[in-house]
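My notebook is open and the viewer is loaded. Here is what I looked up, entry by entry.

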Amino acid sequence: MKQQKTSGKIVLRILKDTKPIAGWLVLGAFVALFSVALSLVTPEILRALSDRLYDYWEPAHLGQPATFDNHAFALGCVLLAAAYAGSSLAAIGEMLIMNNVVSKHFTCVIRIRMSDKIRRLPVRYVDQTPNGEIISHMTDDVSTMGTTIHSFLETLISGVLKLIGIIVLIFLLNPILAAAVIVFVPLSLILSAKIAGKSEKYFAEVRKKNGEMYALTEETFTGFDTVKAFHLEKRQQKRQAELCDDMREAARKGTFLASIVQPIVALSNNIAYIAICIIGGIFVANNLFGMSVGTIVAFVLYARMFAGPLESIAQGFSMLQHTIASAERVYRMLDEEEMTETAEETAPEGKGNVQFESVDFSYDPKQPLIKGLTINVHAGEKVAIVGPTGGGKTTIVNLLMRFYDVDGGRILVDGKDVMQMPRNALRSVFSMVLQDTWLFSGTIYDNIAYGRPDATEEEVHEAAKRAHVDRFIRSLPNGYDTVINEETTNISGGQKQLLTIARAYLANRPILILDEATSNVDTRTEILIQRTMDDLMRDRTSFVIAHRLSTIVDADTILVVNNGSIVEQGTHRELLEKNGFYAEIYNSQYELLN
Amino acid sequence: MKTILPILKPYRKQILLTGLLCILFTLGGAFLPYLMSRIVDDGIAAGDMGVILKFGGLMLALAVVSMLCAVWMGAVNARISASFSSDLKRSIFNKASGLDFEHFSKIGTSGLLTRSTHDVSTISDISGMFVNVVVMVPIMIAGGVAFAFLSDRVLALILLVSMPIAFLILFPILRHLDRLWKLSDEYIDEQNRLMRERLSGIRVIRAFDKEAHEHGRIAHATEEMAKYIIRANVRAGYVNPVCMLVLNLAAVVMLLVGANRLQNPVLMEKGLTAGGIIATVQYVALILNGVMMLSWTFAFLPHLKVCVNRVTEVLELPDEPTDAGDGAVVEGDLVLDNVSFAYPDSELRTISDLSFTVKAGETAAIIGGTGSGKSTILKLLLDFYPPTGGSISLGGIPYEKIGRGGVRESVSASLQKGMVFEGTVLDNVRMGDPNASEEAVRNVLDIAQMTEFVESHEEGLNYRLAQSGANISGGQKQRISIARTILKRASVYVFDDSFSALDYLTESKLRKSLNRYLAGKTQIIITQRAATAMRCDRIFVLEQGSIVGSGKHEELVKTCRVYREIVRSQLGGEAV
């Protein structure tokens, strides 16, 4: 019951969503009406033509005198041809409207809306939702939605019009015969909708298994070396074969059920057809109700026309559940709560003073992470954050950059509460270099200039020189115009990291965040780059996260983070003297020696 | 095609059966208008109720039989297409997962993934339709035309001629359809790639206030994609109205000509009737379906061809050569003698003239920066690739003699990425030794410093890991794969950067218990970290594929410049 309610809501939402294209839909309905009307006229014309043929032949073949009005017959044929042509042209017009307006609206426009939505969603959403899921909503779900809505509206507009038209016309022609035709309709409609619904269940199973198989295949191929090293081929092949078997059964049942919808509709149609022939034949033979052979022909043709819309309505019902599920996922994403943005226009002065005032924060309310954190960083100081993996070092970066917002307390940059300034204004005083080097697919030049698109060529080259990648870039066949993409293999992880360092250097902002900034860089290059890093940090406030403690011993403050909270705070010397957790970490790297 | 068709071979009989059923079903459908014409000509004209009822009853029986044939045909077709699709999926997966590294990397992970999922699905979807078309369309068209010939020769000819006219009109419309579909596919990939890039770089993008820019790039790709999809769909959308128009106009011409011929007494003598003409016009509907289906196949064929070619390319790759050895574990010294290696299709040698010996029971470290060739050594040690020059031997037996299976039984390796598979922690560790007891698994997990993790979950060892370990951290993945590696009963254990995601404290604890557990076994530790290498029995310093120094830490600090620099940069001056 509850499910039906949400289904209803989603359908309503989809209908509401057609508002911007309502005008086109009305036009489409008119064109469809025209097309349907013309196609409904054709059996009438054929009826008249058949009567003429029969009325001539009946006496003529018995040798009795008969006349045939060739002129009138030809005129009828021209009318018929015009009706066919008009109907086909209108159908083409409707098809063009449906594709260019409806499909476009429900695929392209919704996808762009989703992409736009991401701009306003918090980083938390992106962190918590697997990327593949977001992408699959944007491609598969939208595509399912678009296709079905397209055919749904098409059926709704022309199918329903056609059905109504046919029913009215056949009742006008002969109510008794019409009743004989209509009586089978609900039966075949219900039966085929039921069967189609059942087959859809099997297809849902096939889709599910297909998803599992995709996951299995992906994992086998991405972990190919592990698979080979541990002889896991047979294991993976066995699991794949099991999925294949499950899928084969479900696909067989689903396909079979789907395939019998058409014969059932065809049978009920044929029964109607036969009923028309017998009952109509008896009427004509006995001269009842003014029936003619032409009326039988017209009835037969109308009955034929029934099948198409009936089948598509049955199909539409079976797809409904699937479509609603997709639409629900799409709308859920579009309805996600957005970040709130302050209206104030304040921006930090850019001096570089940072204060944490008893900051509380947790990713999960059940597991408090940071409680009452207070740090006072003066402009130009170097703050190091150290601690075991997964201890929460990156959390501090998340809060500084307002990727996440504090639960309690305040963070002040140059004396102003970060919550009181627009996010982009706050972020404009920071530069970051992260462990996961992120470069977009584009030229090396554009990647370095990412933070300052207005930089001159000299400035970009200078930044690359400082990061010790200029010579490497120039050694590439296309130099600075080399395009970086997924397939780029001639640039190592270390070189990519150097490019992000160049990017941060060029951005030239008062506060610097270095999160394992040289972790991928070759040790010997690291020595070379240390000078640049020192340059970068000079006169700037910097937050440095590092594994290698040798690089942070000179920090003004070292924050030792473990299990999400700051366990110690002080300079290198103070912390060693304290002989606590920091001392343990520091000594552990030498402990490996013994 | 050659490689794919044999998969259909077991279903030859079923395909013949479908053909037969299809003929019956089509004939049944085609006979109805004929019987109707008899009702009109013999029953109504003569006012004979008996004839009307007789033919009516016959029609009913025919309709039922024809439906039963259609249902049966549906059952057979469903079986063929489901089995074909499942067989194809299985054979391509078996082929791909059994490839050697050279052929695997030639097509690449994502290439193989598309081929064994998307391409195979497309082939089975379309080929299901294809079987229908190949069997049904000729029968439908031939049946329709044949029945038309029964009533009148000329009318049948008109019907026959109308078909090529429909195709001629559709040909230019559908000709470039595959190109449009391909273009739209490319933009879908582009959109998804940009989106993935954007989601993974969300912090950097926001830090530089570039969300609008990234959104613009995606919107552009989406718009281009929509443009081509709509163009393709519009072209495909012409098929039905065009076919209908041409064939319906043919029906009009048939009526005109039919009326003319009916007035010819000679023809009427020969049996041309009004009912016959009316029935013939109805055959148009039968043929119309056939023509539309044929046009559809024509439109899809190029797409099918692309997929078939790509799948065939994989199916035709050679299998891994049969294994030379018996797969037993070999023990003893590991010797690399003058080994060189260049990846297939690459001029550049990643390893050149490398020679070293690791004595049985020793712990050796191979240290070097990125691009020094460290990971390539691992691939050679596991016999993923044979060396292009020189030889590797274990316990005095060359690798070629031990055989691939034997080498991989003897050498147990933990790889940098720390791969885990969908399944429980227990499953994942047991991949090292399927017969290991739960106790043994707990023990190796404890050595890998994972006890705390296992105990923090209610399910314990049965905690389920998501695909590619999406629900655990990089460090946890590394530790599970270390547990798996040491559970395997091998003679040589190799750890390729396996501690890189661990902090020094965890690493230190892990290494201590590891050394106790693997006492007496050979260990090779490939690393970038000096602290990790320092206490090994022997350290090999690798640079640009060659060894530039070897010995103990104390010696190397004095003798090897590269090593000294690494140590100084990582541990500070005091360590040197």
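Before my entry on two helices, I noted how axes work: they are lines fitted to C-alpha atoms, for helices over the stretch in contact, and angles run from 0 to 180 degrees between N-to-C directions. I also noted that helices (H or I, at least four residues) and strands (E, at least two) are DSSP runs, numbered from the N terminus.

**Ground rules.** This is a predicted model, where local features need pLDDT of at least 70, side-chain atom pairs count only at pLDDT 80 or more, and totals for chains, interfaces and linings use all residues. Residues are numbered from 1 along each chain as its sequence is written, while chains are lettered from A and ligands numbered from 1 in the order in which they are written.

**Helix pair.** I looked up helix α6 (residues 175–182) of chain A and helix α9 (residues 233–285) of chain A: their axes come within 9 Å and cross at roughly 155 degrees. Angles over 145 degrees count as roughly antiparallel, so α6(A) and α9(A) are roughly antiparallel to each other. From α6(A), the contact uses L177(A), A180(A) and V181(A); from α9(A), it uses A272(A), A275(A), I276(A), I279(A) and G280(A). Here contact means C-beta atoms, placed from the backbone, within 7 Å. I sorted these residues into seven nonpolar, one polar and no charged. For that sorting, Ala, Val, Leu, Ile, Met, Phe, Trp, Tyr, Cys and Pro are nonpolar, Asp, Glu, Lys and Arg are charged, and the others, Gly among them, are polar.

**Sheet.** Next I followed an open, mixed sheet of six strands in chain A, in the order β6-β9-β10-β3-β11-β12. Its edge strands, β6 (430–433) and β12 (565–570) of chain A, each pair on one side only; pairing takes at least two DSSP bridges. Strand β11 (residues 557–562) of chain A runs antiparallel to β12(A), with five bridges between them. I found V561(A) opposite I566(A) of β12(A). Across β6 and β9 (511–515) of chain A lies helix α16 (residues 493–507) of chain A, at about 170 degrees to β6(A).

**Domains.** Chain A has domain 1 (8–334) and domain 2 (354–591), with bounds from an automatic or database domain assignment. Their C-alpha centres are 57 Å apart. For chain B I noted domain 1 (5–315) and domain 2 (334–575), with C-alpha centres 56 Å apart.

**Between the chains.** How many residues of chain B are in contact with chain A? I noted 123, against 126 residues of chain A. Helix α2 (residues 49–97) of chain B gives the largest share of chain B's side, 25 residues. That side divides into 65 nonpolar, 40 polar and 18 charged residues.

Note on methods:
Contact = placed C-beta atoms within 7 Å. Parallel < 35°, antiparallel > 145°, perpendicular 65-115°, else oblique.
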